[in-house]
Amino acid sequence: MLKKIFILPVRFYQKFISPLLPKSCRYHPTCSQYTVDAINYHGAIKGSIMGLGRILRCHPFVKGGIDYVPSKFSLRKNPDETYRGPYNKQK
């Protein structure tokens, strides 16, 4: 239940605010999707902190690239670009 409450404003942003703004995301997945994935996997509090950390490191001086949610709580970019995240199991 708490996860849904934390995800609701992000989904609102994705649906109503993001389409009005120019495309400027430096990472894949986008910061908002990363936040949703982090909340779903790590819980509302840790996932929100991870999402905020991702937003803070998304600026014009960063290279960006692929950055999926790591399986362990971390505020750093996931260094493994082949990793697809804990929420999407690899075969």
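How do the residues of the lining of the largest pocket divide into nonpolar, polar and charged? The lining comprises seven nonpolar, five polar and two charged residues. In this grouping, Ala, Val, Leu, Ile, Met, Phe, Trp, Tyr, Cys and Pro count as nonpolar, Asp, Glu, Lys and Arg as charged, and the others, Gly among them, as polar.

The structure is a predicted model, in which local features need pLDDT of at least 70 and side-chain atom pairs count only at pLDDT 80 or more, while totals for chains, interfaces and linings use all residues. Residues are numbered from 1 along each chain as its sequence is written, and side-chain values use heavy atoms, with hydrogens and water left out.

We can start with the overall plan. The protein chain holds three helices and two strands, arranged from the N terminus as α-β-α-α-β. Helices (H or I, at least four residues) and strands (E, at least two) are DSSP runs, numbered from the N terminus. Of the 91 residues in the protein chain, 33% are buried; buried means under 20% relative accessible area, exposed over 50%, and partly exposed in between (1.4 Å probe, protein chains only). The protein chain exposes about 6,400 Å², with 64% of it supplied by carbon and sulfur atoms; these areas come from the Shrake-Rupley method with a 1.4 Å probe, and for residues only the protein chains shown count as cover. Among contacts (heavy atoms within 4.5 Å) in the protein chain with a separation of 6 or more, 54% link residues 24 or more positions apart.

Back to the largest pocket, which has a volume of about 440 Å³ and is lined by 14 residues, with Tyr13, Ser18, Ser24, Cys25 and Thr30 nearest its centre. Two or more lining residues come from each of α1 (2-17) and α2. On a 1 Å grid over the protein atoms alone, a pocket is an open set of points where a 1.4 Å probe fits, with protein on both sides within 12 Å along at least five of seven lines, and lining residues have an atom within 4 Å of a point. Grid points are joined across faces, edges and corners, and the volume is the space filled by probe spheres set on the points.

Helix α2 (residues 31-42) includes Ser32. Ser32 counts as buried because its relative accessible area is 14%. Beyond residues up to four places away in sequence, Ser32 touches Val10, Tyr13 and Gln14. Apart from neighbours within four places in sequence, Thr35 contacts Val10, Gly47 and Gly51.

Between β1 (27-28) and α2 is a loop that contains Pro29. His28 and Pro29 are joined by a cis peptide bond, with omega about -5 degrees. Pro29 lies 37 residues from Ile66 in sequence, with 7.0 Å between their C-alpha atoms. Ile66 belongs to strand β2 (residues 65-66) and is partly exposed, at a relative accessible area of 25%.

In the segment after β2 lies Ser71, which is partly exposed at 40% relative accessibility.
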